[in-house]
Amino acid sequence: MAKPARSDAPSGRVSNQTAGRDAEVLGSKLREIASVVFSPSEAKTLRRFTSGEVARILGLTDSRVRQLSPELLVSPPEVVAGGRRMYTLADIHALRAHLNEIDRVGKRYVPHRDPDKGEHLQVVACVNFKGGSGKTTTSAHLAQSLVLRGYRVLAIDLDPQASLSTLFGVRPENARHPYPTIYDAIQYGPGRRPLEDVIMRTYFTGLDLVAADLELEVFEFEAPLQSTRRGTNDSEPPFFARIGLALDQIAASYDVVVIDCPPRLGYLTIAALCAATSLLVTIHPQMLDVSSMRQFLKMMDELMAPLREQGAAPDHDWFRYLVTRFEPQDTPQAEVVAMLRSLFGERVLSKAMLQSAAISNSGLRGQTVYETPLRRDEVTGSTYRRALEALDAVNGEIEELMARAWGRS
Ligand SMILES: Nc1ncnc2c1ncn2[C@@H]1O[C@H](COP(=O)(O)OP(=O)(O)OP(=O)(O)O)[C@@H](O)[C@H]1O
Ligand SMILES: [Mg+2]
């Protein structure tokens, strides 16, 4: 492990290499922590699911799941103590495909969009410039929940901090393995790559990822420079069209794209707003957060105004506020939520994401709640179930909005 830059220089001043040395120390500590969660190959893996969990995911009874032939499974069934069969996510997808085949009512188990019916790619941008409002946690759980519901999902990490990439198994601290990022697909000049070359499959079968890293920051400098040069350089699409154009290349392969935006209103976020078909604004219900959100909305509107005039900022299918890290028993928080509901009505999602130790504990281990099996030493069964129920309720509401945008309901 690298030596910590513990003490100041003899003069009592701090060495100007402190940040660099601290980054090295932190890097090796993060690798050490990650090695506990990840397999020795350093690739993140996903646990198997019980028949009860599979039943919940597929909307069947436990016994119906157990009656389904093991031959339908992708991998040899793993049987644990008590004779219970454990299923991989690929198995769950295979069972879903089988159920869809034999479904007499209609193809309800594989809800892929049908472009021939005008069901367009849904691009959901998760935004707010308040740091820690739950954008990444919301994006990660929404993306995985939609995969569990049978959709083809692409998650895009648009934050140079790369939190979503880290959560989904790509670790920026592992500098030995450079990986492609969204920057490769939106940068200016001849180095730009097609989006499909940048997409990574993840351990969460059916969920694809376009990762981020600090290099993405370069776009924030390039975009204004290139905008001022426009005219001499018209073959380059403008900054606000670059994410949308990249998405056009891969639209046919997906039903939903979830974009985790950085906590600021820079060129990346504006490009995401222009590519998005829907907006999800996460808000922690406290007055300071609401006040900062007001500034965010005002600035967003001002920045988008010239783009609207150029026809570059389309209307959205839906625009919803999602209350995050909500503690209903906290009266001031409950009052803020009531105020938001009275002001914005149905544009505040009726379900809120509760503050939950199940979510923060999973987060600490670099996992989502959907990935983490219940660990009774950390949270009680009821805490875990409440978190899952809240997540399912929020994500179910968003699924309904998608269905409405497709004209399904
Ligand atoms: N519902 C919740 N219950 C408990 N902890 C939560 C919940 N939602 C988020 N957190 C925790 O709050 C922290 C901030 O969440 P998150 O990273 O999702 O916010 P963010 O808006 O993406 O932040 P940033 O603006 O820095 O990108 C994380 O440690 C996360 O685990
Ligand atoms: Mg984030």
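## Basis of the model

Residues are numbered from 1 along each chain as its sequence is written, while chains are lettered from A and ligands numbered from 1 in the order in which they are written. Because the model is predicted, local features need pLDDT of at least 70 and side-chain atom pairs count only at pLDDT 80 or more, whereas totals for chains, interfaces and linings use all residues.

## Two domains

The protein splits into domain 1 (51-102) and domain 2 (115-405). These bounds come from an automatic or database domain assignment. The domain centres, taken over C-alpha atoms, are 31 Å apart. Five residues from domain 1 and five residues from domain 2 make the contact. Contact here requires C-beta atoms, placed from the backbone, within 7 Å.

Helix α4 (residues 89-102) supplies four residues, the largest share of the domain 1 side. Helices (H or I, at least four residues) and strands (E, at least two) are DSSP runs, numbered from the N terminus. By class, the domain 1 side has three nonpolar, one polar and one charged residues. Nonpolar covers Ala, Val, Leu, Ile, Met, Phe, Trp, Tyr, Cys and Pro; charged covers Asp, Glu, Lys and Arg; the others, Gly among them, count as polar.

## The sheet

Seven strands form an open sheet with mixed pairing. Their order is β5-β6-β4-β7-β3-β8-β9. Strands β5 (200-201) and β9 stand at the edges with a single partner strand each, so one side of each has no neighbour in the sheet. Two strands count as paired if DSSP finds at least two bridges between them.

Met200 has Leu209 of β6 as its bridge partner. The β5-β6 hairpin has five residues between the strands, and Gly206 takes a positive phi near 100° there. Strand β4 (residues 153-157) joins β6 through four bridges, running parallel. Here Val153 partners Leu207. Leu207 and Leu209 point one way from β6, Asp208 and Val210 the other way, and all are buried. Buried means 20 or more other C-beta atoms within 10 Å of a residue's own; exposed means 12 or fewer, and partly exposed lies in between, with C-beta atoms placed from the backbone.

## Around β8

Strand β8 (residues 278-283) is mostly covered, with five of its six residues buried. Strand β3 (residues 122-127) runs parallel to β8 over four bridges. Ala125 stands opposite Leu279 in β8.

Strand β9 (residues 318-323) also pairs with β8 in the parallel sense, over six bridges. Ile283 stands opposite Val323 in β9. With helix α11 (residues 287-309), β8 and β9 make a right-handed β-α-β unit. Right-handed means that, with the strands pointing away from the viewer, the path from the first strand over the helix to the second runs clockwise.

## The ligand 1 site

Ligand 1 is surrounded by 19 residues. The closest are Lys135, Thr136, Thr137, Pro263 and Gly363. Membership requires a C-beta atom, placed from the backbone, within 6 Å of the ligand. The elements giving two or more residues to this shell are α5 (135-148) and α13 (357-364). By class, the shell has four nonpolar, twelve polar and three charged residues.

Terms used. Two residues are in contact if their C-beta atoms, placed from the backbone, lie within 7 Å.
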